[in-house]
Amino acid sequence: MARIRTVKPEFWSHETLSALPLATHLLAAALLNYADDEGYFFANPRLVQAACSPIREPACDIQQSIDELAECGYLLLGSMPDGRRI
């Protein structure tokens with residue numbers, strides 16, 4: 001069965017996320033769709049770009065946005081045994 005991801009209205013007024021650049025805030029919403037059912041995703045900027053915005057030029061540096069989302073506590077970054085970031 002296909003999964004359905006929704007963004008709650010509070011997401012748009014979240015003070016911490018709203019302090020980030022708009023493109024980073026939108027990427028945070030897109031990552032809700034990209035992540036698996038447990039919330040994991042490969043944090044490779046090229047994979048994120050391909051999954052979250054495949055036909056647009058990015059409006060932000062994807063790696064920088066991922067780092068900003070981690071710094072504000074929205075994401076928790078880790079590494080796989082092979083060194084890939086998740």
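A salt bridge here is a side-chain nitrogen of Lys or Arg within 4 Å of a carboxyl oxygen of Asp or Glu. I worked with that rule on a predicted model.

**Entry 1, salt bridges.** I looked up the pairs and got a count of three salt bridges. Asp-82 and Arg-84 meet through their side chains, N to O, at 2.9 Å. I found Asp-82 exposed, with a relative accessible area of 52%, and Arg-84 partly exposed, at 42%.

I then took Arg-5 and Asp-37, whose side chains also form a salt bridge, 2.9 Å from N to O. This pair links distant parts of the chain, 32 residues apart: Arg-5 lies in the segment before α1, and Asp-37 in the loop between α2 and α3 (45–52). Arg-5 is partly exposed at 27% relative accessible area, whereas Asp-37 is exposed at 61%.

In the pair Asp-67 and Arg-85, I read 3.4 Å between the closest N and O atoms. Asp-67 sits in helix α4 and Arg-85 in the segment after α4, 18 residues apart. I noted both as partly exposed: Asp-67 at 27% and Arg-85 at 32%.

I checked the axes of α2 and helix α4 (residues 62–71), which come within 10 Å and cross at roughly 80 degrees. The two helices are therefore roughly perpendicular to each other. Thr-24, Leu-27, Ala-28 and Leu-31 of α2 make the contact with Ile-62, Ser-65, Glu-68 and Leu-69 of α4. By class I have five nonpolar, two polar and one charged residues in this contact.

I placed Ala-19 in the loop between α1 (15–18) and α2 (22–34). Ala-19 is exposed, with a relative accessible area of 65%.

How values were computed:
Residues are numbered from 1 along each chain as its sequence is written. This is a predicted model: local features need pLDDT of at least 70, side-chain atom pairs count only at pLDDT 80 or more; totals for chains, interfaces and linings use all residues. Side-chain values use heavy atoms; hydrogens and water are left out. Helices (H or I, at least four residues) and strands (E, at least two) are DSSP runs, numbered from the N terminus. Buried means under 20% relative accessible area, exposed over 50%, partly exposed in between (1.4 Å probe, protein chains only). Axes are lines fitted to C-alpha atoms, for helices over the stretch in contact, and angles run from 0 to 180 degrees between N-to-C directions. Angles under 35 degrees count as roughly parallel, over 145 as roughly antiparallel, 65 to 115 as roughly perpendicular and the rest as oblique. Contact means heavy atoms within 4.5 Å. Ala, Val, Leu, Ile, Met, Phe, Trp, Tyr, Cys and Pro count as nonpolar, Asp, Glu, Lys and Arg as charged, and the others, Gly among them, as polar.
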